[in-house]
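I opened the notebook to record what I looked up in this structure. The entries follow in the order I made them.

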Amino acid sequence: MRRALLITLLLIATPLLAQNSDAQGDKPVLESELKPAKATPGEAVTFRVTVLVPTFMPEPMEFPELDQPNLSITTPERSSVPISKQVNGGSWSGIMRDYRVQALAPGTYTLGGGSVKVTYMDPDTNTPIEVSLPIAPARLVVTVPPEAAGLKPFIAASDLTLEQTIDGHSEGIRAGDSFSRTVTATITGSTARQIPQILDDATVDGLSAYPQSPDAEDQGDTGTRVEKITYVAEGAARGKLPAVSIRWYDLDDQRVKTAELDAVPVSAKGAIPLSRMSLAQWLYLLAGIGLAALALYRWGLPWYRKQREEYLERKTLRPGATLEKLKRACRAQDYSALTSAVEEWRRRSGGQVDQLHAGLLAIGASRYAGTASEKTDAWNNMATIIHQLSQGSSVQITALPALNP
């Protein structure tokens, strides 16, 4: 009797248990995973959130904000991908999202704790259902390895390199010239936020430094930081811009390494800036200026006057100038000016002076006893003589009638 009753109860309860199990199995599933759970500052870990539903999701999911102090949390390219998985004997669909997490300082951090808003289609009624799925908290422990205990600041990466370029010349320049120094730091396996300030405004006496705002950005697992300083020579300068070095912890080799850049030699020519001169330097400068002024007045000014007088004399007596005087006097038919120019030509050179005297006598004769036509012919004849002189050849003087026929 008891056995029959037990069998009857099992037959009734089995469908009910199966129905309750199916109801539980039709609800969406959220899984979260942190790999690895331990890291060093700057080392990237992955926090993965997977959501599965028995049907499909007509609307995108809403993920909570995971940001918190001293954590860099990003979603790489193609961080969210669709997936399908066998659950309870059926093919479920869903979304898998990866977060790239980097701690900037040692400590213990808790990821997750929020919820994901999911909308999916009910498998029985084919109507949308909205649910909130909690994200189970995951703990991330970040510590500094003993080998890097002395690093300040602590930088951990797979690789870190430094590169510098000099735009212009840093040596042999003069006051007013400029050049720039650009340093680029590239870090792999970490974030550019780990890289500290590389250059400072320390410079060489005689140079002024004008730094630009640094430029830092991350692309995937690689970050870069670029710093640039422009230097302007204000006077004489000689020295070196300081070398650059960054000590960092290699995550692959698990040891401390150093990235270095050489110092930059600098030299510039120029006067000592007046604002930096001492009283003795000022006295020497004023004494030198006084002596130079006295020497200029005593010897320089007389020498200048003599040189100017000689220049003016040479300019006045040069053949071209005398010839121009002859031409101007002849064109103006100015007998007095022509006589003076002929005499100047005689003093300067004895060449062709007989022809000029003959022409001058002919003009004088025509002025007192010649007709208007004879006067014109006399002046034209003188113009021909002067033209022949400018060409460097002799002339044949036209015979004129006697003064008293």
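**Contacts.** I am working from a predicted model. I began with contacts between residues at least 6 apart in sequence; 68% of these join residues at least 24 apart.

**Overall make-up.** I then looked up the secondary structure and found six helices and 21 strands. The protein has 405 residues, and 31% of them are buried. I also looked up the accessible surface, which is about 25,100 Å². Carbon and sulfur atoms account for 52% of that surface.

**Helix H5.** Next I turned to H5, which runs over residues 353–369. I checked its length against 1.5 Å a residue. Its 17 residues should span 24 Å, and the end C-alpha atoms are 24 Å apart, so the two agree. Which residues of H5 are buried? I listed Val353, Gln355, Leu356, Gly359 and Leu360. Ala362, Ile363, Gly364 and Ser366 are buried in H5 too. I kept a general rule beside this list: an α-helix has 3.6 residues a turn, so residues three or four places apart point the same way.

**A sheet of three strands.** I moved on to an open sheet with the order S13-S21-S18 and mixed pairing. S13 (173–174) and S18 (237–241) stand at its edges. Each has a single partner strand, so one side of each has no neighbour in the sheet. In which sense do S13 and S21 pair? They pair in the parallel sense, over two bridges. S21 covers residues 264–269.

Definitions and conventions
Residues are numbered from 1 along each chain as its sequence is written. This is a predicted model: local features need pLDDT of at least 70, side-chain atom pairs count only at pLDDT 80 or more; totals for chains, interfaces and linings use all residues. Side-chain values use heavy atoms; hydrogens and water are left out. Helices (H or I, at least four residues) and strands (E, at least two) are DSSP runs, numbered from the N terminus. The expected span of a helix is 1.5 Å times one less than its number of residues. Buried means under 20% relative accessible area, exposed over 50%, partly exposed in between (1.4 Å probe, protein chains only). Contact means heavy atoms within 4.5 Å. Accessible areas come from the Shrake-Rupley method with a 1.4 Å probe; for residues, only the protein chains shown count as cover. Two strands pair if DSSP finds at least two bridges between them.
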